[in-house]
Amino acid sequence: MTRILRNIGIMAHVDAGKTTLTERILFNTGRIHRIGDVHDGNATMDFRTLEQRHGITISAAATSCTWKDASITIIDTPGHVDFTIEVERSLRVLDGAVAVFSAVSGVEPQSETVWRQADRFGVPRLCFVNKMDQVGANFDAVIEELVERLGAKPIVLQRPIGCEHAFVGIVDLVTMRAFVWEGGAHPRETDIPVNLVDEAKVWRAHLVEQVADADDSALARYLDSGDVFEADELRALIRLCVVGGSVQPVLCGSAYRNIGVQPLLDAIVAFAPAPADRPPVEGVNPATGETETRAASAEAPTVALVSKVQMSRYGALSYVRVYAGRIRRGDTLVNAATGRTERIGRLLRMHANEETEIGEATAGDVVAIVGLKATGTGETLSDPAQPIVLDGLATPAPVIEAVIEPRASVDHERLGQALAAMSREDPSLRVSTDPETGAVLIAGMGELHLMIAVETLKEDYHVDATLGAPRVAYREALTVAAEVDHTHRKQNGGTGQYARIKLVLEPRDPGEAGLLFENQCVGGAVPMLYVSAVEKAIAAAMSEGTLAGYPVIALKATLVDGATHAKDSSPLAFEIAARDAFVVAFAEGRPHLLEPIMRVVVTTPGDHLGAVIGDLQSRRGSIVGADMRGNVHEVIACVPLANMFSYVNTVRSLSQGRATFSMTFSHYAALPKALQTRVMAEAC
């Protein structure tokens, strides 16, 4: 029997039912024999004490199971925006995803975020409309929102039989048969209920019309004879469309009641792409700088990407996706970016926090390696004879930071070691030291992110720490271009220091980030060795800024001219000159502070709509939209992060506990002058 691989992520907004669905998948495939529950704190995939306590997924967990003739690797990802890095690195190494939507709440804010992430990586998706048994469930409304809010191209493969408390099964439009769950684990196959036959025929015709043009001969048959496709033929057409990314199949069910889970597994096997269906992976040969590709073949030169590093009882546990070739115990691979070699010790196939040792991993496998010493998250392992560097992982910039200190003074060293290990596991958690006070700062994606970090310190590293009041992670930026001609000269006897540079600093376009450096020196006025020193110094200066010590968000720096001395010039002299020139030019460029603006979505009953809107406006928020969704209002606003701390308590008070909200980073905007003056004064 041919081994079929499927690497699938489960993604959604928080509370849409991802972990519950994963739990039912594991039960139906025989991977577990007792169903756990998120609310009871015993779900297989939420194995960490913190996850069980908070009832949310914090870190992506991998498992594997078998369904029919397929081996399926599943990664259950977090739904909370503070842990979006987990979704990012999971989607980077997956071949497909199941997007879960609540039939009651529809497309929610984090649903949009993860959908866009999947778009960016070109990951084909299936959609599962969950919670069809809950009050307010509306399958057709979710389909409309998939189109309107996500720009998706849904193809409906199933229709629900009943709704809310009367939901009992589904109509399969591919086979035109009904499947009804009557309390057992397995459905009963039957004829389509009479009252749904006409509706099923209409949706079946729409399905065939959507997928017929995937194949020229199928389209010709459809135009000549209409719907003459057998179930297997239709499945093949659907698969062509899904693998190509042109459509997203939509299924429905209730994960909690185990309705629709087995048909979803069938759909994953039938329609989700195998590793060989995905385009060959591209990378850069570090020796030549040329772009090369690797096909998903066990016989190709080995290449694998490290997507996550996690501390375990064995030490560092590195999750890798093998894109090509094979990895065996005892192999020697190279970190293609650094050139350092790694010897492969133990290979593990993970099931949440349990593992099975394996002897070999081949193209398409997602496995864990114990004890990598020189390779971190986002780096590539490859065949030493044919190295290739794959694109790494994009790490979002933190928007909030706070001072952290141990309760016991003797724990200062242990705190530093623990934070270093945690930031290696989670690149979106940044650790730094305040240059003025020497205080340790941690920065992250939100209040929950920092709170979980403190709890992790206590649970996993036995360091009891306190968190200071959260601070906004402001950014600095230029508003106009500035030019400076600066000479650094120092002579104290012996070899001196001399460097002259003419530097132009300019703001970059909105949405751009980082340093764009250009060398326009002609005639070798500044040798390349010194040009590199200038670029390095400017990048370092950007990390601290000049107004209030915050990083510069984006900058274009152009080295226009310069001069050297035969004896006194050196890379160090040009670094010092560049740093000094940066300070002068940045001050002349009318710099200002930027503050993070959050996209806040509040769902509230109509009785409290006015109070919610008024409160958001009092926080310097601008209302972007307010729509009715079922029997509640959805208010969308852009609000400065500085005014959103502890908002959860306020929104509960305003709505008598009936409103909910979500918050994601939107963009940076100029801080008002009066507030900028205050922030700068506090930084001094």
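The model is predicted, so to speak of local features a pLDDT of at least 70 is needed, side-chain atom pairs count only at pLDDT 80 or more, and totals for chains, interfaces and linings use all residues. Residues are numbered from 1 along each chain as its sequence is written, and side-chain values use heavy atoms, with hydrogens and water left out.

**Nonpolar cores**

- The largest nonpolar core holds 80 residues, and L21, I72, V98, F101, L146, L207 and I238 have the most contacts inside it.
- Helix α9 (residues 261-271) contributes the most to this core, with seven residues.
- Another core, of 41 residues, lies apart from it and includes A402, A418, L429 and V639.
- A core here is a set of buried Ala, Val, Leu, Ile, Met, Phe, Trp, Tyr and Cys residues joined through side-chain atoms within 4.5 Å, where buried means under 20% relative accessible area with a 1.4 Å probe, protein chains only.
- Helices (H or I, at least four residues) and strands (E, at least two) are DSSP runs, numbered from the N terminus.
- Leaving aside neighbours within four places in sequence, V98 is in contact (heavy atoms within 4.5 Å) with I8, G9, I10, M11, L21, L126, F128, L264 and I268.

**A four-stranded sheet**

- An open sheet of mixed pairing runs in the order β31-β32-β34-β33; two strands pair if DSSP finds at least two bridges between them.
- β31 (482-490) and β33 (514-519) are the edge strands, each with a single partner, so one side of each has no neighbour in the sheet.
- On average, neighbouring strands of this sheet are turned by 25 degrees against each other, direction ignored.
- Six bridges join β33 to β34 (residues 554-563) in the parallel sense, and L515 has L555 in β34 as its bridge partner.
- Helix α12 (residues 528-542) packs on the sheet, touching β32 (497-506), β33 and β34, and its direction makes about 155 degrees with that of β33.
- Helix α13 (residues 571-588) lies across β31, β32 and β34, at about 35 degrees to β32.
- Axes are lines fitted to C-alpha atoms, for helices over the stretch in contact, and angles run from 0 to 180 degrees between N-to-C directions.

**Cavities**

- A cavity is a set of points on a 1 Å grid over the protein atoms alone where a 1.4 Å probe fits but cannot get out, and lining residues have an atom within 4 Å of a point.
- Among the residues lining the largest cavity are E86, R89, K308 and Y319.
- α3 (84-93) and β14 (303-312) each supply at least two residues of this lining, and α3 gives the most, with four residues.

Key
Buried means under 20% relative accessible area, exposed over 50%, partly exposed in between (1.4 Å probe, protein chains only). On a 1 Å grid over the protein atoms alone, a cavity is a set of points where a 1.4 Å probe fits but cannot get out, and a pocket is an open set with protein on both sides within 12 Å along at least five of seven lines; lining residues have an atom within 4 Å of a point.
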